[in-house]
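Here is a model to go through by question and answer. Each reply sets a value against its cut-off.

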Amino acid sequence: MRTSHAFAAPSPSFSDDPFFHRFGARLPRDLRAQAHGLSWSEFTARFAPTGGPVRLGAWTAATLGAGRSTYTATLGIGDRITSASAAATGPIAALTAMLYDAGFQLEILSFHQQSTPAGTATFVLCEHDGQRRWATAIDADGIASSLSAIIAGANLLHR
């Protein structure tokens, strides 16, 4: 009698994914490859910087109608504090317009959000002058998480 042993390929392990290890959810594929093997503190230092030339202070929105709103923010740009505003269809478009006007151009190439026990995690792939960087943020509020991730992206690209 001939015996056949079927060996299943090992299932992918996410033990080297710091986000999966912490929250049980997978990172976006491209980011997962860059985060492979990092500790949580290394992951946040690399993809969620808390310092840099751009800081976001106050943020307000007022509905204009027809799907548009006016957004106003206080931005810290280096040593300066400035007020910025933009009319846009959403907060992400408004913030990227404000950053552009302040000299921090970036394009959002990929945007992902997922719920975690710590709040909404946002992952953005940003580009400026051909350089691409992933940035991330987690906040109890999805909009605040998005805005923080974009600020992190601006800081990573404009160091």
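**The pocket and its lining**

The largest pocket has 19 lining residues, and those nearest its centre are Pro49, Thr136, Ala137, Ser148 and Ala152. This is a predicted model, where local features need pLDDT of at least 70, side-chain atom pairs count only at pLDDT 80 or more, and totals for chains, interfaces and linings use all residues. Numbering starts from 1 along each chain as its sequence is written, and side-chain values use heavy atoms, with hydrogens and water left out.

Q: What makes a residue part of the lining of the largest pocket?
A: A lining residue has an atom within 4 Å of a pocket point. A pocket is an open set of points on a 1 Å grid over the protein atoms alone, where a 1.4 Å probe fits, with protein on both sides within 12 Å along at least five of seven lines. For the largest pocket, 19 residues form the lining.

Q: What is the volume of the largest pocket, and how is a volume defined?
A: The value is about 340 Å³. A volume is the space filled by probe spheres set on the grid points, which are joined across faces, edges and corners.

Q: Which element gives the most to the lining of the largest pocket?
A: H5 does, with six residues. Helix H3 (40-47), strand E1 (54-65), E6 and H5 each supply at least two. These labels are DSSP runs numbered from the N terminus (helices: H or I, at least four residues; strands: E, at least two).

Q: How many residues of each class are in the lining of the largest pocket?
A: It has 13 nonpolar, five polar and one charged. Ala, Val, Leu, Ile, Met, Phe, Trp, Tyr, Cys and Pro count as nonpolar; Asp, Glu, Lys and Arg as charged; the others, Gly among them, as polar.

Q: Which residues is Leu147 in contact with, leaving aside neighbours within four places in sequence?
A: Leu56, Trp59, Pro91 and Leu95. Contact means heavy atoms within 4.5 Å.

Q: What is the phi of Asp129?
A: About 50°, positive although Asp129 is not a glycine. Most residues other than glycine have a negative phi. Asp129 sits in the loop between E5 and E6. At 71% relative accessibility, Asp129 counts as exposed.

**Two sheets**

Q: How do you know that E4 and E5 pair?
A: Pairing requires at least two bridges found by DSSP. Nine bridges join E4 to strand E5 (residues 119-128), and the two run antiparallel. Ser115 stands opposite Thr120 in E5.

Q: What is the order of the open sheet that holds E4?
A: The order is E4-E5-E6, with antiparallel pairing. Strand E4 (107-116) and strand E6 (131-139) each have a single partner strand, so one side of each is left without a neighbour in the sheet.

Q: How many bridges pair E2 and E3?
A: Nine, in the antiparallel sense. Ala73 stands opposite Ala84 in E3.

Conventions: Buried < 20%, exposed > 50% of the residue type's maximum accessible area, 1.4 Å probe, protein only.
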